[in-house]
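Colleague: Hi! Could you walk me through this one while I have it on screen?
Modeller: Happy to, let's take it topic by topic.

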Amino acid sequence: MRVRLKLDRLHDLMARSNLTQNHWAIRIGMSRGHWSEIVNGKHVHPSPKTRERMLEVFGVSFDELFEIEPDAPTGTDPSFQAALSGRYLIDEEIGQGGMGTVYLA
């Protein structure tokens with residue numbers, strides 16, 4: 001199961017406040033650079049700890065800010081498969097976090 005951030009809703013919540021992006025980073029407790037990458041869509045699958053903190057700070061429900069993606073078959077990304085094809089055979093996805101996915105290969 002992967003949890004995706006609803007970027008449009010995040011932007012809407014931030015726009016309704018007079019706080020800057022840097023102030024939001026401080027409130028959530030992360031570096032400005034990492035928060036910037038989340039806000040700009042580079043990391044749309046925040047870690048469970050980050051999701052919990054975001055819900056607490058924004059004061060919204062889980063469904064309002066996040067959505068659960070259906071499980072995708074392992075290795076469906078062609079560029080990912082091509083990069084590993086000469087060295088590894090991917091068996092299954094073990095888990096995922098805010099910065100990446102772990103596979104059993």
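Colleague: Let's start with Asp63: is this residue buried or exposed?
Modeller: Asp63 counts as exposed, because its relative accessibility is 57% and the cut-off for exposed is over 50%. This is a predicted model, by the way.

Colleague: Thanks! Which helix does Asp63 lie in?
Modeller: Asp63 lies in helix 5, which covers residues 62–65.

Colleague: And what separates the C-alpha atoms of Asp63 and Gly41?
Modeller: A distance of 18 Å separates those two C-alpha atoms, and along the chain Asp63 and Gly41 are 22 residues apart.

Colleague: While we're at Gly41, which helix does it follow?
Modeller: Gly41 follows helix 3, and its phi is positive, near 85 degrees.

Colleague: OK, helix 3 then. Which of its residues are buried?
Modeller: Helix 3 runs over residues 32–39, and its buried residues are Trp35, Ile38 and Val39. They sit on the same side of helix 3, because the arc they cover around the axis is only 95 degrees.

Colleague: What covers those buried residues?
Modeller: The cover of the buried residues of helix 3 includes strand 1 (2–5), helix 1 (7–15), helix 2 (21–28) and helix 4 (48–58).

Colleague: New topic: how many aromatic pairs does the structure hold?
Modeller: There are 3 aromatic pairs in the structure. One of them is Trp24 with Phe58, a stacked pair with 4.5 Å centre to centre and 25 degrees between the planes. Trp24 belongs to helix 2 and Phe58 to helix 4, so this pair ties together parts that are 34 residues apart in sequence.

Colleague: Are Trp24 and Phe58 buried or exposed?
Modeller: Trp24 is buried, with a relative accessible area of 6%. Phe58 is buried too, with a relative accessible area of 12%. The cut-off for buried is under 20%.

Colleague: Which residues form the aromatic cluster?
Modeller: Trp24, Trp35 and Phe58 form one aromatic cluster.

Colleague: Last one: which element has the lowest mean pLDDT?
Modeller: Helix 6 (residues 78–84) has the lowest mean pLDDT among the elements, 71, while helix 1 has the highest, 95. For the whole protein the mean is 84, and 90% of the residues reach 70 or more.

Definitions and conventions:
Residues numbered from 1 in each chain as written. Predicted model: local features only at pLDDT ≥ 70, side-chain atom pairs only at ≥ 80, totals over all residues. Heavy atoms only, no water. Helix = DSSP H or I, 4+ residues; strand = E, 2+ residues; numbered from the N terminus. Buried < 20%, exposed > 50% of the residue type's maximum accessible area, 1.4 Å probe, protein only. Arc of directions from axis to C-beta. Contact = heavy atoms within 4.5 Å. pLDDT = per-residue confidence, 0-100. Phe/Tyr/Trp six-rings, centres within 6.5 Å; stacked < 30°, edge-to-face > 60°.
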